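Subject: Structure handover

Hello,

Here is the structure I promised to pass on. Please open it and keep it beside you while you read.

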Amino acid sequence: MDFLLPLLGIVVVLAVIVGIYLWSTYNSLVTLNVRVDEAWSDITVQLKRRADLIPNLIETVKGYAAHEKGVFEAVTKARAETLSATTPAAAAEAEGHMQAALKSIFAVAEAYPQLHASENFLQLQGELVDTEDKIQAARRFYNGGVREFNTKILTFPNNMWANKLKFGKRDFFDVADAAAIAEPPRIQF
């Protein structure tokens with residue numbers, strides 16, 4: 001009987017250590033998950049901001065190049081696709097289409113020197129550059145959070161508990177055609 005009390009003490013101490021570990025792991029996974037959700041929200045805010053600038057840009061360019069209907073339709077379609085994207089994979093695909101569409105509209109704009117002098121166009125151009133920079137920063141922050149979260153749930157011994165605690169890998173915001181967005185659209189004239 002004298003050996004039973006120390007054995008019981010060891011079992012209790014181990015149970016407390018495992019409990020603290022599980023509590024700590026769960027709380028850190030929740031924190032990282034919320035951080036990734038917040039970062040995704042930042043990306044969607046910036047994508048929405050850019051999408052809100054697009055109609056003004058189209059109207060400004062349309063005034064000078066009304067016959068470029070196909071370009072305007074491509075930009076409008078890419079804008080709609082961006083607004084309807086709800087997952088990182090869908091947003092990444094829409095991002096590639098948006099970059100291509102913006103390159104097209106700015107290529108059209110280069111053919112019209114009087115458009116370059118338009119104050120409205122120059123202001124929109126500046127806002128788009130600022131928004132593109134913010135999208136890239138938000139994307140880096142999001143992917144950093146996803147990396148940290150995925151590493152946490154995939155490393156031992158966390159990987160034994162993460163699935164049981166209903167935590168799964170998150171998707172990075174990767175673009176299918178990385179070359180298409182290697183640099184933001186050229187909007188300098």
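Below is what was found in it, topic by topic.

**Ground rules**

This is a predicted model, so local features need pLDDT of at least 70 and side-chain atom pairs count only at pLDDT 80 or more, while totals for chains, interfaces and linings use all residues. Residues are numbered from 1 along each chain as its sequence is written, and side-chain values use heavy atoms, with hydrogens and water left out.

**How the helices pack**

Helices here are DSSP runs (H or I, at least four residues; strands are E, at least two), numbered from the N terminus. Two packed helices are described by the angle between their axes and the distance between the axes. Axes are lines fitted to C-alpha atoms, for helices over the stretch in contact, and angles run from 0 to 180 degrees between N-to-C directions.

Start with α1 and α5. Their axes are 8 Å apart, and the packing angle is about 160°. That makes α1 roughly antiparallel to α5. The cut-offs: under 35 degrees is roughly parallel, over 145 roughly antiparallel, 65 to 115 roughly perpendicular, and the rest oblique. The crossing of α1 and α5 is left-handed. Left-handed means that the near helix is turned anticlockwise from the far one by less than a right angle; clockwise would be right-handed. Which residues make up this contact of α1 with α5? There are 20 nonpolar, eight polar and eleven charged. Ala, Val, Leu, Ile, Met, Phe, Trp, Tyr, Cys and Pro count as nonpolar; Asp, Glu, Lys and Arg as charged; the others, Gly among them, as polar.

Now take α1 and α2. Their axes come within 10 Å and cross at roughly 165°. α1 and α2 are therefore roughly antiparallel to each other. The crossing of α1 past α2 is left-handed.

**The core**

A nonpolar core is a set of buried Ala, Val, Leu, Ile, Met, Phe, Trp, Tyr and Cys residues joined through side-chain atoms within 4.5 Å. Buried means under 20% relative accessible area, exposed over 50%, and partly exposed in between (1.4 Å probe, protein chains only).

The largest nonpolar core has 22 residues. L57, V61, L102, I105, F106 and F121 have the most contacts inside it. Helices α1, α2, α3 (88-110) and α5 each supply at least two residues of this core. Which helix gives the most to this core? It is α3, with seven residues.

I58 sits in helix α1. I58 is buried, at 7% relative accessible area. Its C-alpha atom is 43 Å from that of F167, which is 109 residues away along the chain.

**Salt bridges**

Side chains of opposite charge can pair when their charged atoms come close. A salt bridge is a side-chain nitrogen of Lys or Arg within 4 Å of a carboxyl oxygen of Asp or Glu. How many salt bridges does a search of the whole structure find? It finds ten. Three of them are worth a look.

- D52 pairs with R79; their closest N and O atoms are 3.8 Å apart. This pair links distant parts of the chain: D52 is in helix α1 (residues 4-62), R79 is in helix α2 (residues 69-84), and they are 27 residues apart. D52 is partly exposed at 36%, and R79 is partly exposed at 22%. K48, D52 and R79 are linked in a network of salt bridges.
- E73 pairs with K69, with closest N and O atoms 3.8 Å apart. They are four residues apart in helix α2, so about one helical turn separates them. E73 is partly exposed at 47%, whereas K69 is exposed at 55%.
- K134 pairs with D130 at 3.2 Å, N to O. They are four residues apart in helix α5 (residues 119-154), so about one helical turn separates them. K134 is partly exposed at 35%, and D130 is partly exposed at 32%.

**Backbone details**

Most residues other than glycine have a negative phi, and most peptide bonds are trans. Look at two places with that in mind. The peptide bond from F156 to P157 is cis, with omega near 0°. P157 lies in the loop between α5 and α6 (158-162). K166 is not a glycine, and its phi is positive, near 70°. K166 is in the segment after α6. At 76% relative accessibility, K166 is exposed.

Best wishes
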